[in-house]
Number of protein chains: 2
Amino acid sequence: MTDQTNLAPDALGPTLCIGEILAEIVATTTGEGFLDPVPMVGPYPSGAPAIFIDQAGRIGGSAAMVGSVGNDDFGRANIARLERDGVDVSGIRTDPVLPTGTAFVRYRHDGARDFVFNMWTSAAGALGWTDQVQAVCARAGHLHVMGTLLGHQSIWEITERAATMIKARGGTISLDPNMRKELRGDGETGRRFAQMVGMADLLLPSGDELYLAADLPVDAGEEAALVRLFQLGVKEVAIKRGVQGSTCALPDGTRTHAPAFDVTEIDPTGAGDCFGGAYVACRRLGMLPEQALTYANAAGARNVTFRGPMEGAGTRAELDQFISETKRLT
Amino acid sequence: MTDQTNLAPDALGPTLCIGEILAEIVATTTGEGFLDPVPMVGPYPSGAPAIFIDQAGRIGGSAAMVGSVGNDDFGRANIARLERDGVDVSGIRTDPVLPTGTAFVRYRHDGARDFVFNMWTSAAGALGWTDQVQAVCARAGHLHVMGTLLGHQSIWEITERAATMIKARGGTISLDPNMRKELRGDGETGRRFAQMVGMADLLLPSGDELYLAADLPVDAGEEAALVRLFQLGVKEVAIKRGVQGSTCALPDGTRTHAPAFDVTEIDPTGAGDCFGGAYVACRRLGMLPEQALTYANAAGARNVTFRGPMEGAGTRAELDQFISETKRLT
């Protein structure tokens with residue numbers, strides 16, 4: 001069964017991602033917060049959905065983005081980057097008043113991060129259903145949903161409508177189930193999460209997110225969680241394990257593993273999103289799980305060797321070179 | 001007449017300034033805009049009204065600020081700086097949702113500047129009359145008004161109310177008439193500008209602003225413009241002439257000049273605001289025009305030798321040392 005593609009083929013239309021587009025400014029010294037002047041570098045194009053779609057486009061998949069930026073250099077830099085990497089940017093609006101969202105990030109000595117955000121109070125928060133969004137959804141072949149965004153009302157409304165449209169035309173859905181555990185249990189965000197798990201063809205969990213998606217306790221065991229998800233209609237699960245590599249699990253019991261690559265980390269931001277963008281693109285382009293996992297592992301690993309959240313997103317040729325030159329972790 | 005103080009004495013209560021408080025991030029390479037990652041340093045406490053009041057407090061004048069910051073490190077850094085320099089920060093509110101305003105600045109090769117702002121769409125734009133603002137206005141002895149802010153409706157409402165309260169208790173008003181010429185002629189902003197010129201005891205113009213304030217053509221001549229302003233009720237004009245120093249003009253015809261200081265400019269931002277903050281504080285502390293001009297020239301000059309818009313604001317001791325060590329331009 002591993003040669004079966006569970007995602008709509010690339011030819012059906014672009015993979016669509018909806019959400020925040022940010023300019024990221026990275027402090028170049030470690031320490032706590034932003035109370036005193038520190039050296040920084042930026043702006044780097046950023047935002048988890050933008051990183052995902054940039055990698056999907058850069059590796060050669062059809063890709064499109066729905067988002068909102070300000071009428072400023074930070075917005076122009078983001079749009080230019082996505083266009084360069086082959087992403088359809090017709091669904092990105094430019095807000096006439098609000099600035100492009102910003103994220104200042106500084107790494108502490110222990111590896112934790114301090115942020116100063118202007119996210120939903122920036123142009124990123126001023127997203128709605130427009131003719132341009134309608135048009136790109138009408139030709140999309142796949143929707144990738146960020147679990148982090150399920151609590152945001154206006155993005156949810158676009159996401160739900162896009163999911164329904166894309167499913168109706170034979171498209172598929174992937175979900176990065178990254179969300180805070182405390183939001184899972186009850187309330188509107190938890191309900192949306194359950195709805196998207198139910199609609200998803202592919203899940204891309206890391207850590208405990210597998211159990212969160214399966215709505216099982218973390219000691220239930222990985223196989224039990226996978227069985228539960230397949231019962232709910234999920235057709236494929238790509239488990240991100242960091243330095244332990246990644247695994248593709250299919251309903252027929254096939255488990256394909258690919259080892260991680262041995263790299264020196266410069267900036268961990270964006271690794272999971274690059275993994276996802278590459279994996280979805282490769283599977284939609286018809287690659288078997290093992291090859292897709294290898295490209296996805298390489299995309300995540302290569303990206304952390306560059307400062308900036310999507311500076312290391314690789315073309316297929318760049319990733320081929322990376323794979324041939326980089327030692328696997330066993 | 002030069003020994004007469006035209007401003008309410010320091011003992012009446014603090015000099016109040018109302019307006020934006022920002023975090024400034026400065027690109028450390030020259031060039032155009034922010035389309036690609038560049039090295040930067042920040043956050044620096046900033047915002048013209050904040051720079052003015054910081055220098056006023058740091059030199060030893062009573063000082064207070066009304067403004068709004070976000071609940072983030074950028075806001076905390078600004079409040080800490082103002083508090084350190086003796087400014088009453090009780091009139092600064094912390095917005096629970098909006099971030100602290102930001103200004104990214106990059107110098108072009110020709111000395112012009114490119115900006116990316118989040119100003120009035122940040123916490124800085126969410127200013128209103130509160131019990132805290134009422135309380136600080138009720139004890140203030142002087143109001144300094146930024147001409148740049150006269151077009152901002154909610155800040156104007158606070159400014160007008162504060163000006164009336166402070167005048168009523170024997171306080172005085174200074175105006176930095178910095179505003180775009182095209183706003184002077186007609187409309188609401190021009191009307192507000194004329195009203196503030198009429199209420200002002202002290203003007204602090206640079207360049208053509210003297211003529212803008214006098215509502216005369218720029219070829220009318222400096223003396224004619226001064227006479228007109230004195231007829232309107234202005235009691236003192238401190239003219240900022242950059243490398244040509246500064247001049248205090250009084251209605252009795254006294255003209256006092258003080259030469260500029262010879263410094264190597266690192267970052268010109270904030271020079272005029274430091275001049276103003278020092279001048280107002282010194283005059284309110286009872287200094288004669290010549291001494292106030294000398295401190296004001298020194299404050300502006302010292303500030304441009306530091307990167308960051310208010311990093312070079314000086315204490316009286318720091319400015320005494322600067323004055324003793326620095327060559328005058330003749």
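Guide: One definition before we start. Helices (H or I, at least four residues) and strands (E, at least two) are DSSP runs, numbered from the N terminus. Also, this is a predicted model.

Visitor: Okay. How many helices and strands does chain A have?
Guide: Chain A has eleven helices and 13 strands.

Visitor: And what size box do its C-alpha atoms fill?
Guide: Roughly 55 × 45 × 40 Å for chain A, taken along the principal axes.

Visitor: What about the radius of gyration of chain A?
Guide: It is 19 Å. A compact globule with 330 residues would have a value near 20 Å, so chain A agrees with that.

Visitor: What share of chain A counts as buried?
Guide: 56% of its 330 residues.

Visitor: And the contacts, how far apart in sequence are they?
Guide: Take the contacts in chain A between residues at least 6 apart in sequence. Of these, 73% join residues at least 24 apart.

Visitor: Switching to chain B. What's the strand order in the nine-stranded sheet?
Guide: β5-β4-β1-β8-β9-β10-β11-β12-β13 in chain B. The sheet is open, and its pairing is mixed.

Visitor: Which strands stand at the edges?
Guide: β5 (87-95) and β13 (255-258) of chain B. Each has a single partner strand, so one side of each is left without a neighbour in the sheet.

Visitor: How do β1 and β4 of chain B pair, then?
Guide: In the parallel sense, over four bridges. β1 covers residues 15-18 of chain B, and β4 covers residues 63-70.

Visitor: Which residue stands opposite C17(B)?
Guide: M65(B), in β4(B).

Visitor: Where does helix α3 of chain B lie?
Guide: Helix α3 (residues 131-139) lies across β1, β4 and β5 of chain B. The helix runs at about 165° to β5(B).

Technical notes
Residues numbered from 1 in each chain as written. Chains lettered and ligands numbered in written order. Predicted model: local features only at pLDDT ≥ 70, side-chain atom pairs only at ≥ 80, totals over all residues. Pairing = 2+ DSSP bridges. Contact = placed C-beta atoms within 7 Å. Axes fitted to C-alpha atoms, helices over the stretch in contact; angles between N-to-C directions. Rg over C-alpha atoms; globule rule 2.2 N^0.38 Å. Buried ≥ 20, exposed ≤ 12 C-beta atoms within 10 Å, placed from the backbone.
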